[in-house]
Amino acid sequence: MKVADFLKEEIELESFYEKLFKRLKILDKKLNLFVDLAKDVRSERTGKLKGLPVSAKDCICVKGLQSSAGSKILNGWIPPFDATVVSRIKQENGVIIGKTHQDEFGFGTFCVNSGYGVPKNPWDPERCCGGSSGGAAALTAALDLPHLALAQSTGGSISCPASWCGVFGLTPTYGLVSRWGLIDYANSLDKIGVMAREPEGLEILLKIIAGRDDLDPTTALSHLEPAGKLKRIAVPKEYLEAAEEPVRKAVRDFCQKLESEGIELQEISLKLVKYHLPAYYLIACSEASTNLAKYCGMRYGAEEDISGDFNEYFSEVRSKYFGEEAKRRIILGTFARLAGYRDRYYLKALQVRAEIIKEYKTVFKHFDLILSPTMPCLPPRFSELSALSPLQQYQMDILTVGPNLAGLPHLTMPIGLLKGLPVGIQLTAEHWKELGLIEFAKRFQVELKYPEV
Ligand code: GLN
């Protein structure tokens, strides 16, 4: 049953939820999806969501459910409040069913850096789901009952897992959706977005969570722009070249199909793509390293018996509870912000970011959309990941960090299967044009037959 049908048809919520939680427990056992599952849910068939199940990525605070952003340092922390997106969903009688697995604080591309176990890809459990919102994507692909997922992206954490799990994922314009109650990764990059099996689902949830929030002064006063027709598409050759041949071919075939339906496509060059990853990782790690300073074993989550002075105590807690990737990023980010290096690294990266935004803006003078593969390859096997160095792992984000640096809305949609695994394209539009992206996805959507789990 689709989300749109759930909202239209007669549904008896009590028996629906009984069936749903039975199913969720089975899926969780098979694929490892949840950090925490809701208990005793109750709702009614009123409001815009009429009791619809919505899952939340672990970094989004939900009153009464563990909210740990995938980190052991927040183990057992249960917020006494809801994030703004969550309270908006609850106001419309959406039901938060649980908290989904992610890479610790969003640090990762495969969802293997989680403090609470690794979710598996429903298309092939020997493969990763993508990250960092891996649990959200895997749940969306695996659950054959109506559901929408709240996810979050800093540099591709919605696009990547959505693509590798074959679902739709929308990362909105920076500032469209409130970040109040989101456990930060990098404040100038973080966006809460949505995942669904159908583009209609993205629209339903986005309209509820979007809009100015006085609790988050970085939310914009601007509104979602009406859909309009997005029909002139730019395909950057640097993005095509970054993908492996079978993925590139699948994307080219899809482009031909678009052309045969009257869409204008043109290959262009985005000269700054080579700077996307260095600028992104410098900014993201710099901001992350300051954000993580508050986890010192005294305020939230993990604690130890106090011994030694403050420095000794918090070093002990942080060494014990942060994962390896979090430590790597704290060191990298702290280094890039050190007096003497700040101008050379962090501030330089901010200047490069401004140039990257300008380059995208120039493209949007002539085109409505930018199309690229979402990920350069198919979802890797877990056994292949250990052979990748951290740098090689970061390079997998080459196609997704650009739109995130520029705060541009982007949508990932599946275009078919290769060797039984989903392939996705990423469509990027000008700021505030998410409804246009969704219209485009509705028009050209390719229905996948999801695997039975
Ligand atoms: N893979 C990227 C990173 O590790 C993006 C993650 C994200 O968007 N949270 O930074």
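**Exercise 1. Which residues is F168 in contact with, leaving aside its neighbours within four places in sequence?**

Solution. Start with the ground rules. This is a predicted model, where local features need pLDDT of at least 70, side-chain atom pairs count only at pLDDT 80 or more, and totals for chains, interfaces and linings use all residues. Residues are numbered from 1 along each chain as its sequence is written.

Next, the term. Two residues are in contact if their C-beta atoms, placed from the backbone, lie within 7 Å.

Now list the partners. F168 is in contact with A162, M195, A196, E198, P199, L202, L411, T412, M413 and A441.

**Exercise 2. Find the residues that touch the most other members of the largest nonpolar core.**

Solution. First, the terms. A nonpolar core is a set of buried Ala, Val, Leu, Ile, Met, Phe, Trp, Tyr and Cys residues joined through C-beta atoms within 7 Å. A residue is buried if 20 or more other C-beta atoms lie within 10 Å of its own, exposed if 12 or fewer, and partly exposed in between; C-beta atoms are placed from the backbone.

The largest core holds 131 residues, and I60, F168, V194 and M195 touch the most other members. Helix α9 (residues 273–291) gives the most to this core, with 9 residues. Helices (H or I, at least four residues) and strands (E, at least two) are DSSP runs, numbered from the N terminus.

In soluble globular proteins, nonpolar side chains tend to be buried together.

**Exercise 3. Why is helix α6 described as largely enclosed?**

Solution. Count the buried residues. In α6 (residues 199–209), 9 of the 11 residues are buried, so the rest of the structure largely encloses this helix.

Name them. The buried residues of α6 are P199, G201, L202, E203, I204, L205, L206, I208 and I209.

Look at the cover. It includes β4 (148–153), β5 (168–171), β6 (191–196) and α16 (434–444).

Check the end. G211 follows α6, and its phi is positive, near 120°.

**Exercise 4. Compare the span of helix α12 with its expected span.**

Solution. The expected span is 1.5 Å times one less than the number of residues. Helix α12 (residues 343–366) has 24 residues, for which 34 Å is expected. From first C-alpha to last, α12 reaches 35 Å, close to that value.

Then see what α12 packs against. Y345, A349, R353, I356 and Y360 are buried in α12. The buried residues of α12 pack against α9, α11 (324–337) and α15 (401–405).
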